[in-house]
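Let's take a friendly walk through one part of this fold. Have the sequence and the 3D view at hand as you read.

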Amino acid sequence: MAVVYAVGVGPGDPELLTRKAERILRSVDVICAPTGAAEGGSYALSIVEEFIDRSRQEVLIQLFPMVKDQQGLDPFWEEAADQVAQRIAAGKDVAFVTIGDPFLYSTYLYIHRIFLAKYPEIKIEVVPGISSILASSAVSGLPLGLGAERIAILPATYEKDELKRTLEEFDTVVLMKVNRVFDSVYAALKELGREKGGVFVRRVGSAEEEVHHDLESLVGQKLDYLSMLIVRKNPL
(Lines give C-alpha, C1' and ligand atoms only; values in the text may rest on other atoms or scores of the structure.)
Protein backbone atom coordinates (compact mmCIF):
# COMPACT_ATOMS: atom_id res chain seq x y z
CA MET A 1 0.00 0.00 0.00
CA ALA A 2 1.28 3.46 -0.91
CA VAL A 3 2.30 5.80 1.89
CA VAL A 4 2.21 9.52 2.62
CA TYR A 5 5.42 10.59 4.31
CA ALA A 6 5.38 13.88 6.20
CA VAL A 7 9.06 14.73 6.04
CA GLY A 8 10.67 17.39 8.21
CA VAL A 9 13.60 18.78 6.23
CA GLY A 10 15.12 20.88 8.99
CA PRO A 11 15.67 24.65 9.13
CA GLY A 12 17.68 25.25 5.96
CA ASP A 13 20.91 23.28 5.83
CA PRO A 14 20.60 20.10 3.71
CA GLU A 15 23.18 18.45 5.96
CA LEU A 16 20.71 18.66 8.84
CA LEU A 17 18.32 16.22 7.17
CA THR A 18 18.11 12.86 8.89
CA ARG A 19 19.36 9.82 7.02
CA LYS A 20 15.79 8.51 7.00
CA ALA A 21 14.46 11.69 5.42
CA GLU A 22 17.07 11.55 2.67
CA ARG A 23 16.35 7.88 1.97
CA ILE A 24 12.63 8.51 1.65
CA LEU A 25 13.05 11.60 -0.52
CA ARG A 26 15.25 9.65 -2.94
CA SER A 27 12.82 6.74 -3.16
CA VAL A 28 9.27 8.16 -3.36
CA ASP A 29 7.37 8.73 -6.60
CA VAL A 30 6.04 12.20 -5.72
CA ILE A 31 7.43 15.14 -3.77
CA CYS A 32 4.82 17.62 -2.52
CA ALA A 33 6.19 21.03 -1.61
CA PRO A 34 4.25 23.94 -0.09
CA THR A 35 4.53 27.53 -1.25
CA GLY A 36 2.98 30.60 0.35
CA ALA A 37 2.27 32.42 -2.93
CA ALA A 38 1.20 31.22 -6.36
CA GLU A 39 4.22 32.84 -7.99
CA GLY A 40 6.66 31.98 -5.21
CA GLY A 41 9.06 29.10 -4.75
CA SER A 42 9.08 26.53 -1.99
CA TYR A 43 11.73 27.01 0.69
CA ALA A 44 11.34 23.42 1.83
CA LEU A 45 11.88 22.20 -1.73
CA SER A 46 15.02 24.30 -2.13
CA ILE A 47 16.54 22.55 0.89
CA VAL A 48 16.09 19.06 -0.57
CA GLU A 49 16.53 19.75 -4.28
CA GLU A 50 19.86 17.89 -4.41
CA PHE A 51 18.18 14.67 -3.26
CA ILE A 52 15.47 14.70 -5.95
CA ASP A 53 15.63 13.20 -9.44
CA ARG A 54 13.09 15.12 -11.51
CA SER A 55 13.54 12.72 -14.42
CA ARG A 56 11.72 10.00 -12.48
CA GLN A 57 9.99 11.85 -9.63
CA GLU A 58 7.02 14.21 -9.84
CA VAL A 59 7.44 17.49 -7.99
CA LEU A 60 4.04 18.89 -7.02
CA ILE A 61 4.01 22.49 -5.79
CA GLN A 62 0.96 23.20 -3.61
CA LEU A 63 -0.36 26.61 -2.59
CA PHE A 64 -0.71 27.20 1.14
CA PRO A 65 -1.51 30.92 1.68
CA MET A 66 0.46 32.22 4.65
CA VAL A 67 -1.96 34.68 6.24
CA LYS A 68 -2.79 35.41 9.86
CA ASP A 69 -6.51 34.71 9.45
CA GLN A 70 -6.94 31.15 8.20
CA GLN A 71 -10.71 31.48 7.83
CA GLY A 72 -11.95 30.61 4.36
CA LEU A 73 -8.80 28.74 3.34
CA ASP A 74 -10.19 25.21 3.73
CA PRO A 75 -10.55 24.83 -0.08
CA PHE A 76 -6.76 25.14 -0.43
CA TRP A 77 -6.15 22.40 2.14
CA GLU A 78 -8.88 20.22 0.62
CA GLU A 79 -7.44 20.53 -2.87
CA ALA A 80 -3.93 19.73 -1.64
CA ALA A 81 -5.18 16.66 0.24
CA ASP A 82 -7.19 15.50 -2.78
CA GLN A 83 -4.13 15.80 -5.03
CA VAL A 84 -2.14 13.61 -2.68
CA ALA A 85 -5.00 11.10 -2.31
CA GLN A 86 -5.21 10.73 -6.10
CA ARG A 87 -1.57 9.76 -6.29
CA ILE A 88 -1.86 7.39 -3.35
CA ALA A 89 -4.82 5.71 -5.11
CA ALA A 90 -2.59 5.24 -8.14
CA GLY A 91 -0.11 3.35 -5.97
CA LYS A 92 2.45 6.14 -5.68
CA ASP A 93 4.34 6.94 -2.51
CA VAL A 94 4.23 10.64 -1.65
CA ALA A 95 6.56 12.75 0.49
CA PHE A 96 5.26 16.09 1.74
CA VAL A 97 8.27 18.23 2.66
CA THR A 98 8.03 20.85 5.35
CA ILE A 99 10.69 22.99 7.00
CA GLY A 100 11.54 22.12 10.58
CA ASP A 101 9.41 19.33 12.03
CA PRO A 102 6.03 18.20 10.60
CA PHE A 103 4.26 18.33 13.96
CA LEU A 104 5.57 21.69 15.22
CA TYR A 105 3.74 24.67 13.67
CA SER A 106 4.22 23.18 10.20
CA THR A 107 2.39 23.71 6.93
CA TYR A 108 1.77 19.99 6.70
CA LEU A 109 -0.62 20.00 9.67
CA TYR A 110 -3.25 21.85 7.59
CA ILE A 111 -3.74 18.80 5.38
CA HIS A 112 -2.93 16.17 8.01
CA ARG A 113 -6.27 16.81 9.70
CA ILE A 114 -8.01 16.41 6.33
CA PHE A 115 -6.28 13.09 5.70
CA LEU A 116 -7.52 11.85 9.08
CA ALA A 117 -11.10 12.98 8.49
CA LYS A 118 -11.56 12.39 4.76
CA TYR A 119 -9.04 9.68 3.91
CA PRO A 120 -8.64 7.56 7.06
CA GLU A 121 -7.51 4.61 4.95
CA ILE A 122 -4.32 6.40 3.85
CA LYS A 123 -1.20 5.24 5.67
CA ILE A 124 0.80 8.18 7.05
CA GLU A 125 4.33 8.11 8.38
CA VAL A 126 5.79 11.18 10.08
CA VAL A 127 9.53 11.70 9.74
CA PRO A 128 10.74 14.15 12.43
CA GLY A 129 13.00 17.01 11.46
CA ILE A 130 15.36 19.34 13.30
CA SER A 131 13.38 22.39 14.37
CA SER A 132 14.65 25.90 13.72
CA ILE A 133 14.31 26.39 17.48
CA LEU A 134 17.01 23.82 18.16
CA ALA A 135 19.19 25.03 15.30
CA SER A 136 18.92 28.66 16.42
CA SER A 137 19.85 27.76 19.97
CA ALA A 138 22.90 25.87 18.72
CA VAL A 139 24.17 28.52 16.30
CA SER A 140 23.70 31.35 18.79
CA GLY A 141 25.27 29.56 21.73
CA LEU A 142 22.17 30.20 23.84
CA PRO A 143 20.97 26.98 25.56
CA LEU A 144 17.24 26.41 25.80
CA GLY A 145 16.99 24.70 29.15
CA LEU A 146 18.94 23.27 32.06
CA GLY A 147 17.76 21.07 34.90
CA ALA A 148 14.28 22.09 36.05
CA GLU A 149 14.07 25.24 33.89
CA ARG A 150 10.84 25.79 32.00
CA ILE A 151 10.58 26.66 28.31
CA ALA A 152 7.72 28.43 26.52
CA ILE A 153 7.17 28.63 22.76
CA LEU A 154 4.86 31.34 21.42
CA PRO A 155 3.87 31.55 17.74
CA ALA A 156 3.27 34.56 15.49
CA THR A 157 1.77 37.48 17.45
CA TYR A 158 1.50 38.00 21.16
CA GLU A 159 -0.64 40.19 23.39
CA LYS A 160 1.66 42.43 25.42
CA ASP A 161 0.31 41.39 28.81
CA GLU A 162 0.45 37.71 27.87
CA LEU A 163 4.00 38.12 26.63
CA LYS A 164 5.17 39.88 29.78
CA ARG A 165 3.53 37.24 31.96
CA THR A 166 5.21 34.47 29.96
CA LEU A 167 8.60 36.17 30.17
CA GLU A 168 8.22 36.43 33.93
CA GLU A 169 7.02 32.84 34.46
CA PHE A 170 9.36 30.90 32.15
CA ASP A 171 13.13 30.61 32.16
CA THR A 172 13.43 30.55 28.37
CA VAL A 173 10.92 31.98 25.90
CA VAL A 174 11.03 31.28 22.17
CA LEU A 175 9.11 33.72 20.00
CA MET A 176 8.37 32.35 16.53
CA LYS A 177 7.81 34.53 13.44
CA VAL A 178 8.64 37.62 15.43
CA ASN A 179 9.33 39.85 12.43
CA ARG A 180 6.10 41.89 12.40
CA VAL A 181 5.93 42.47 16.14
CA PHE A 182 9.60 42.80 17.01
CA ASP A 183 9.44 46.46 18.08
CA SER A 184 6.62 45.85 20.57
CA VAL A 185 8.36 42.72 21.86
CA TYR A 186 11.58 44.65 22.39
CA ALA A 187 9.65 47.34 24.26
CA ALA A 188 8.25 44.67 26.58
CA LEU A 189 11.73 43.27 27.13
CA LYS A 190 13.01 46.72 28.07
CA GLU A 191 10.20 47.20 30.58
CA LEU A 192 11.28 43.96 32.25
CA GLY A 193 14.99 44.71 31.98
CA ARG A 194 15.45 41.64 29.77
CA GLU A 195 16.60 43.26 26.52
CA LYS A 196 20.18 42.00 26.98
CA GLY A 197 19.26 38.36 27.45
CA GLY A 198 18.03 37.46 23.99
CA VAL A 199 19.19 36.54 20.51
CA PHE A 200 17.53 37.10 17.14
CA VAL A 201 18.21 34.50 14.44
CA ARG A 202 17.29 34.85 10.78
CA ARG A 203 17.07 31.95 8.29
CA VAL A 204 19.12 29.61 10.42
CA GLY A 205 21.05 26.98 8.51
CA SER A 206 20.85 28.82 5.20
CA ALA A 207 23.34 30.95 3.28
CA GLU A 208 21.41 34.01 4.53
CA GLU A 209 21.72 33.08 8.21
CA GLU A 210 22.18 35.98 10.63
CA VAL A 211 22.58 35.98 14.41
CA HIS A 212 22.03 39.21 16.36
CA HIS A 213 22.68 39.60 20.08
CA ASP A 214 22.27 43.39 19.93
CA LEU A 215 18.49 43.49 19.78
CA GLU A 216 18.26 47.27 19.92
CA SER A 217 19.93 47.50 16.50
CA LEU A 218 16.94 45.72 14.95
CA VAL A 219 14.28 48.14 16.15
CA GLY A 220 12.53 49.79 13.22
CA GLN A 221 14.04 47.38 10.70
CA LYS A 222 12.17 45.25 8.17
CA LEU A 223 12.80 41.74 9.41
CA ASP A 224 12.62 38.36 7.72
CA TYR A 225 9.55 36.13 8.09
CA LEU A 226 11.80 33.13 8.80
CA SER A 227 13.19 34.44 12.05
CA MET A 228 12.83 33.98 15.77
CA LEU A 229 13.81 35.45 19.10
CA ILE A 230 15.06 33.42 22.04
CA VAL A 231 15.15 35.05 25.46
CA ARG A 232 16.71 33.54 28.59
CA LYS A 233 16.00 34.81 32.07
CA ASN A 234 19.30 33.72 33.59
CA PRO A 235 22.71 33.19 31.96
CA LEU A 236 24.42 29.85 32.49
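## Strand 10 and its partners

Val 201 stands opposite Met 228 of strand 10. That pairing belongs to strand 8, which joins strand 10 in the antiparallel sense over five bridges. Bear in mind as you look that this is a predicted model.

Strand 7 also pairs with strand 10: the two run antiparallel and are joined by five bridges. Here you can find Val 173, whose bridge partner in strand 10 is Val 231.

## Two faces, both buried

In a regular strand, side chains alternate between the two faces of the sheet. Strand 10 shows Ser 227, Leu 229 and Val 231 pointing one way, with Met 228, Ile 230 and Arg 232 pointing the other way. All of these residues are buried, Arg 232 included. With six of its six residues buried, strand 10 is therefore largely enclosed by the rest of the structure.

Now turn to helix 7, which spans residues 182-191 and has Phe 182, Val 185, Tyr 186, Ala 188 and Leu 189 as its buried residues. Viewed down the helix axis, these buried residues fall within an arc of 160°, so they line one face of helix 7. The spacing makes sense because an α-helix has 3.6 residues a turn, so residues three or four places apart point the same way.

What do the buried residues of helix 7 pack against? Their contacts are with strand 7 (172-176), strand 8 (198-202) and strand 10 (227-232), along with helix 6 (160-169). After helix 7 comes Gly 193, which has a positive phi near 70°.

Methods:
Residues numbered from 1 in each chain as written. Predicted model: local features only at pLDDT ≥ 70, side-chain atom pairs only at ≥ 80, totals over all residues. Heavy atoms only, no water. Buried < 20%, exposed > 50% of the residue type's maximum accessible area, 1.4 Å probe, protein only. Helix = DSSP H or I, 4+ residues; strand = E, 2+ residues; numbered from the N terminus. Arc of directions from axis to C-beta. Contact = heavy atoms within 4.5 Å. Pairing = 2+ DSSP bridges.
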